[in-house]
Amino acid sequence: MSPLGRILLVEDDPKDVELTLIALAEYNLANEVVVTRDGAEALDYLYCRGSFTTRTNENPAVLLLDLKLPKVDGLEVLQQIKSDENLRMIPVVVLTSSHEERDMVASYRLGVNAYVVKPVDFHEFVNAIKELGIFWAVINEPPPGSVRRNALG
Amino acid sequence: VAGSDAVEKPDMSSRRVTSVLLGYALAVVSVAIALGLALLAQSQALHKVEFPLFLMAVAVTVWHAGPVPGVLAVALSGLSFNYHFTQPLYTLYIEPVDRPVFVVFVLFAFVIASFSSRRRRIEQELRQARDELETEVAERTQQASLLNLTHDTIFVRDMNDGITYWNRGAQELYGWTAEEAMGQRSHDLLQTVFPMPIDEIRSELLRAGRWEGELDKTNADGTQVVVASRWSLRRDEQERPVAILETNNDITERKRAEREIRTLNEDLEKRTTELEATNKELEAFAYSVSHDLRAPLRHMVGYTELLQKNASSILDEKSRRFMAMILESAKRMGNLIDDLLAFSRIGRAETRKTMVHLELLVKEAVHEVRPETEGRNIAWTIGALPAVYGDRSMLRLALVNLISNAVKFTRTQAQTEIEIGCTDGQEGEAVLFIRDNGVGFDMKYGNKLFGVFQRLHATETFEGTGIGLATVQRIVHRHGGRVWAEGLVGRGATFYVSVPTLSRSTV
C-alpha cells in the first residue's frame, strides 16, 4: 500500500465532518485525518501553537478547507497559508457549499490548488471526497516536510 | 433813420450774403441808396445828414458782406460824398480844408469794419460751438434710445447709489418706470440682498473697476428675482469714481431649474443608495442561502443514503420507498435552490456586453445539452444567425435553457425536430426563434410561461423547477429585448427572443 499523507480537515459543521470522514473511510483514507473546527484552530495546528504545541512539526499533505467558518474564515486561512514561506507549499482544496463566483475568484486569486463545490447528492459527495483524497493524499507527491505514512488495512 | 430801414429791407437780415459778387453788389446798392437819400435830404434843405448816411451804408455792407466789400463801400461813399457834397461840387477834387473830414470818414469806416468782422468771427465760432453741441446731443440721445432698445436691464447710479439712468429693460424687469426710479437709492428701491458685505463689494469695485455676482432683488409688485449682476465703475478725467453702471440679467428661472435639478439629483442619489443597500442585502441573503440552505439538505441526503445502505435489509418495501421519497425531495430542493440562486445572480450581476456571434453560441449551447439528448432521435436544423450585442455568458445561459426545454418537451415524440433560426424584427434587433415539435402548450396560459415557479406540466411528466424561462426572460429584459412564445397543444412550441444588434445606451 502506498503511503498516505495526513489530511487536515477544517470544517465547523459536525455533520459535514462526519459525512466527510465516512466518505474518506469508505476508501480507507481516514486513518490520518486531523479535524479542526474553525479557522483559528486550523492556524493553531499549522503553527503548532495552542493545543497543538506538542505535535510533531510536519505539514499535512493536503488541507481540506471550508470557507464559511467561525472566528477566522476560510479565505483568511488560505491567505495566511499562501503568504507564509513554510506553509505555502501545502496543497489547499476549498470544499464549500457555495457556488458563489466571487468566492471562487477570491480563492484562486489567493492561490488555492483546487475548488470543489460539495454536491447535494451523497453519492457525488462521496465520489468527490474519494477522488480528492486519493489524488492529494495518495497520488500527489507532497512537498518535503509533509507527513506520509503507510496506510493501514 | 428811415434810410436804415430801407437798407435792411432787401431780405438780407435772414440770409447770409456769402457770394462775393452779391457782397460787392450790396456795397454798390447801399452806397447808391445812401446817396439817393442824401440828395433827397439836400433837396429838402436838410443838411449834414449825408455823412452819417454814407457811414450807415458802409456799416451795412461790412456787417452783411464782410470787410472787402466794405472797402469798396468806403471808396464809393468817399467818391460820392466828394462829388456831390464838398466844394467844388461835381468834381473829385478835395479842398485841403475838407481833407481831415475824409480821413475821419475813412478811419471811422475802418473802425466799424473791424468791429463788424470781429463780431462776425465770434458769431462764426459760436455757431460752430452750437453745431458741435447739437451733434453731441443727438448722439447722446441716440445712444440713450439704443440702450432703451435692449431688453437687458441697465441702470446707472452715482456714488451715493442714486439712480441717474434707468432703461426700458430695467422697467420691464423691476416694474418701476424711469420717472419713479430716477433719484431713488437703488438698493433701497430694489431691496437688494448681497451675497457678501457691501463694503467688500465696493472695495472690489474701486480696486478692479468692476464687480460681478448674483443678487436677490424685489420687484415693484413684490416678487423676488435673482439676477446675474455686473457693475462697471466710471471715472472722470481726474480718475475719481463718479458713477456705476449696473447690468442685470434675470436668472430666476435658471436658478429655479438648477434647484429642481439639484433636488432631483439628491432624490436620485438617495434612491441609488437605498437600491445599493437593498442590492447588498439581497446579495448577502443569496450568499447565505447558497451556503446555509444547501448544507442541511446535503446532510439529509447523506444520512438518508447511509441509512439506506446500512438498514435496507431490515426495512420493508414501504419504508424503503419513504426513504427514496426523502432523497428525491431533498434533491429537488437542491435543484430549486441552485436555480433560484442562478436566477437571482442574473438580476444582480453586471452585464458585460460585447459583440456575440449567435451561431457559435447556439452550437455551444446545443453541445451543452448533449447529455439530455442521449438515446434520442433529434433532427436539428440551425439556420444562419447574426451577431448581436450582449453579455455572452448570460445569452449562453438563456440559449441553453431554451434548447434544453425544446429537448425536454419533445421527449414523447418518436422523431424530434428542433429548428433554430432568425426571423425579421425591428431595426437594430435580431429575432431568434427555437421551434420544436413537442407537446406544445395552450396559448391561454402563455402569460404564465415566463413567471418564476410557473409550470404548465406535472412534475412527474416533465421535471423542472419552473425557473428556466423566468431566467430567460430576465436575461432578455436586461438586454432590452423581448421574449414571447407561440404554441399549440400537441403541435409544438416556438420561442422568440429579440436582442439588440447594436450597442444601445438604454440598457
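Colleague: How much area is buried between chain A and chain B, and what share of it do carbon and sulfur atoms give?

Modeller: In this predicted model, about 2100 Å² is buried between the two chains, and carbon and sulfur atoms give 53% of that area. On the chain A side, A:K68, A:E100 and A:V120 supply 30% of what chain A buries against chain B, more than any other three residues.

Colleague: How many residues does each chain bring to the contact?

Modeller: Chain A brings 22 residues and chain B brings 23 residues.

Colleague: What makes the pair B:K309 and A:E26 a salt bridge?

Modeller: The cut-off is 4 Å between a side-chain nitrogen of Lys or Arg and a carboxyl oxygen of Asp or Glu. The closest N and O atoms of B:K309 and A:E26 are 2.6 Å apart, so this Lys and Glu pair falls within the limit. Across the interface of chain A and chain B the rule finds 2 salt bridges, and it also finds 8 residue pairs in polar contact, both residues at pLDDT 80 or more.

Colleague: Which elements of chain A give two or more residues to the side that touches chain B?

Modeller: They are α1 (14–26), α4 (101–110) and α5 (122–139) of chain A. The most comes from α1(A), with 6 residues. Sorted by class, that side of chain A has 6 nonpolar, 5 polar and 11 charged residues.

Colleague: How many disulfides does the structure hold?

Modeller: The count over all chains is 0.

Colleague: Now to chain B. How many helices and strands has chain B?

Modeller: Chain B has 15 helices and 12 strands. Of its 507 residues, 37% are buried. Among contacts in chain B with a separation of 6 or more, 61% come from residues 24 or more positions apart.

Colleague: Which residues of helix α15 of chain B are buried, and what covers them?

Modeller: In α15 (residues 468–478), the buried residues are B:L469, B:A470, B:T471, B:V472, B:I475 and B:V476. Their cover includes α11 (317–348), α14 (392–408), β11 (483–487) and β12 (493–500) of chain B. After α15(B) comes B:G480, with a positive phi near 75°.

How values were computed. Residues are numbered from 1 along each chain as its sequence is written. Chains are lettered from A and ligands numbered from 1 in the order in which they are written. This is a predicted model: local features need pLDDT of at least 70, side-chain atom pairs count only at pLDDT 80 or more; totals for chains, interfaces and linings use all residues. Side-chain values use heavy atoms; hydrogens and water are left out. Contact means heavy atoms within 4.5 Å. Buried area is the accessible area (1.4 Å probe) that two parts lose on being put together, summed over both. A polar contact is a pair of N or O atoms within 3.5 Å; within protein, one must be able to donate a hydrogen and the other to accept it, and residues adjacent in sequence count only if both atoms are side-chain atoms. Helices (H or I, at least four residues) and strands (E, at least two) are DSSP runs, numbered from the N terminus. Ala, Val, Leu, Ile, Met, Phe, Trp, Tyr, Cys and Pro count as nonpolar, Asp, Glu, Lys and Arg as charged, and the others, Gly among them, as polar. A disulfide is a pair of cysteine sulfur atoms within 2.5 Å. Buried means under 20% relative accessible area, exposed over 50%, partly exposed in between (1.4 Å probe, protein chains only).
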